[in-house]
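Here are my notes for anyone opening this one for the first time. Have a look at the sequence and the structure, then read on.

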Amino acid sequence: MLSTFLLFAVVSALLTTPAASRVVKRESVCIVIPSDDGGDDSPSILSAFSQCNRDASVVFLNTTYHVERVMATHDLQNVTVDVRGTLVWGTDTTYWIHNSLPLGYQNQSVAWDFGGDNIFWTGHGYGTFDGNGQTWYDLNNGASNMFGRPINLVIRNSTNFTMQGMRFVQSQFWTMAVHTAEHVLLENITISSVSNSSASTINTDGIDTFYTNNITIRNWDITCGDDAVSPKANTSNLLVQDSHFHDTSGFAIGSIGQYLGVFEFIENVTAERITCDRCRHLGYIKTWTGVQKGVPPNGGGGGLGYAKNIVFRDSVVSDIPLGVAQITQCISFSGQTGECDTSRFQLSNITWSNVTGSVANNLLASLQCSSAAPCEDIVVAGVEGLIFNSTATEPDVECSNVSVGPGSVECNRGV
């Protein structure tokens with residue numbers, strides 16, 4: 001917390017010094033002062049994290065900052081990030097397409113690459129990142145994985161990282177990624193990416209994870225046109241709790257198996273006490289086929305590995321149209337079909353349990369697994385409280401190459 005004296009000093013500085021963006025440093029606190037004329041504040045933000053990179057705090061005041069350039073802030077130690085204002089990303093799409101930083105997976109890119117150990121980041125419930133996403137939604141116009149369209153923020157090479165009380169609105173692409181990190185707590189976060197034109201918000205995932213361990217996501221509220229949460233390559237011990245998803249694809253495991261011959265895994269993932277309004281699914285798993293077609297991000301296939309010990313439980317859904325539970329091992333280049341029995345990516349011990357609410361049709365589950373590596377111990381149970389928009393006597397449970405586990409509903413039709 002800033003002292004009254006320090007706050008007074010900052011206000012005085014704002015009133016009596018020139019309008020250029022700058023950093024005011026008081027002992028171990030760096031306060032970013034935005035430009036008065038709406039100019040680019042990213043140099044001052046980078047300077048603040050350079051000056052206060054150890055045992056220090058970086059403070060954003062309750063005002064507006066403009067970010068017109070990529071930022072990389074790494075190797076921080078014992079730093080508090082105090083965001084009381086709104087950071088607005090610029091709309092020079094030509095610049096971002098040519099300069100956004102590589103994520104290191106799927107040929108995706110990033111606007112702000114952030115990392116450190118023992119980080120405490122707070123937005124107080126109102127600190128905001130505004131990605132100016134409508135510019136990107138209109139430019140992209142429904143295409144998948146547009147090159148250079150940046151993820152707003154990646155947390156990378158980090159341990160013991162806590163973020164709480166942040167708002168993310170109109171993200172350019174995925175809102176957030178976590179890459180090569182462990183012991184991360186992300187809580188009380190709101191995401192809203194909604195198009196005001198005919199162009200969709202495709203690829204506005206809430207968060208994707210890669211090469212991570214022991215990540216907790218708690219009390220998120222997500223409105224977006226794609227996956228709310230999506231663990232990908234080498235994610236383990238992910239816990240998602242007490243969150244509300246609106247108009248999303250749901251909780252997505254993957255996609256995975258995209259890189260020919262590369263071994264990857266996802267394991268020990270739990271999603272509990274989720275409310276999913278008008279989501280396409282509550283939870284679904286998607287792997288690429290075993291045949292490579294094209295290259296990432298929109299092509300690939302032939303990857304190896306496994307996803308196991310995955311649980312979706314104690315959740316409420318409304319108007320789910322494509323199945324509370326779904327597995328597909330048919331992902332292929334740019335929506336091509338076929339080769340669905342070729343994936344050798346193994347799925348096992350996956351459970352959907354204790355789900356209530358409403359389904360838009362009669363489809364409870366669609367479980368399409370590859371004959372090259374049939375799914376094992378798949379359970380859909382505790383769904384008696386679901387209300388289906390159908391006069392059928394039992395809900396549809398579509399299956400292929402699936403071995404259901406104890407207590408599961410039985411398959412009653414093919415897929």
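1. Some ground rules. This is a predicted model, where local features need pLDDT of at least 70 and side-chain atom pairs count only at pLDDT 80 or more, while totals for chains, interfaces and linings use all residues. Residues are numbered from 1 along each chain as its sequence is written, and side-chain values use heavy atoms, with hydrogens and water left out.

2. Strands here are DSSP runs of E with at least two residues, helices are runs of H or I with at least four, and both are numbered from the N terminus.

3. The structure holds ten salt bridges, each being a side-chain nitrogen of Lys or Arg within 4 Å of a carboxyl oxygen of Asp or Glu. In one of them, the side chains of lysine 232 and aspartate 208 meet at 2.3 Å, N to O. Lysine 232 sits in the loop between β12 (227–231) and β13 (235–246) and aspartate 208 in strand β11 (residues 207–223), so the pair ties together parts 24 residues apart in sequence. Are these two buried or exposed? Lysine 232 counts as buried at 4% relative accessibility, and aspartate 208 counts as buried at 0%. The cut-offs are under 20% relative accessible area for buried, over 50% for exposed and partly exposed in between (1.4 Å probe, protein chains only).

4. Salt bridges with partly exposed partners. Aspartate 247 and arginine 278 meet through their side chains in a salt bridge of 2.8 Å, N to O. Aspartate 247 is in the loop between β13 and β14 (250–256) and arginine 278 in the loop between β15 (263–277) and β16 (283–288), so this pair ties together parts 31 residues apart in sequence. Aspartate 247 is partly exposed at 35%, and arginine 278 is partly exposed at 42%. Next, aspartate 396 forms a salt bridge with arginine 413, their closest N and O atoms being 3.3 Å apart. That pair links strand β23 (residues 396–400) with strand β25 (residues 413–414), 17 residues apart. Aspartate 396 counts as buried at 16%, whereas arginine 413 is partly exposed at 45%. There is also a network of salt bridges with shared partners, joining Asp242, Glu272, Arg273 and Arg313.

5. Aromatic pairs. A search of the whole structure finds 21 of them. Rings of Phe, Tyr and Trp (its six-membered ring) pair if their centres lie within 6.5 Å, and planes under 30 degrees apart count as stacked, over 60 as edge-to-face and the rest as tilted. Phenylalanine 49 and tryptophan 112 are edge-to-face, at 5.9 Å centre to centre and 70° between the planes. They link helix α2 (residues 42–51) and strand β8 (residues 109–130), 63 residues apart, and both are buried. Phe49 and Trp112 also belong to an aromatic cluster with Trp89, Phe114, Trp121, Phe129, Phe161 and Phe168.

6. The largest pocket holds about 690 Å³ of space. On a 1 Å grid over the protein atoms alone, a pocket is an open set of points with protein on both sides within 12 Å along at least five of seven lines, while a cavity is a set where a 1.4 Å probe fits but cannot get out; lining residues have an atom within 4 Å of a point. Grid points are joined across faces, edges and corners, and volume is the space filled by probe spheres set on the points. Of the 31 lining residues, Ser144, Ser255, Lys286, Trp288 and Ile331 are the closest to the pocket's centre. β18 gives the most to this lining, with four residues.

7. The cavity. The structure holds one cavity of 30 Å³ or more. Its lining is made up of Phe245, Phe251, Ala271, Ile274, Leu282, Phe312, Arg313 and Ser315. β17 supplies the largest share of that lining, three residues.
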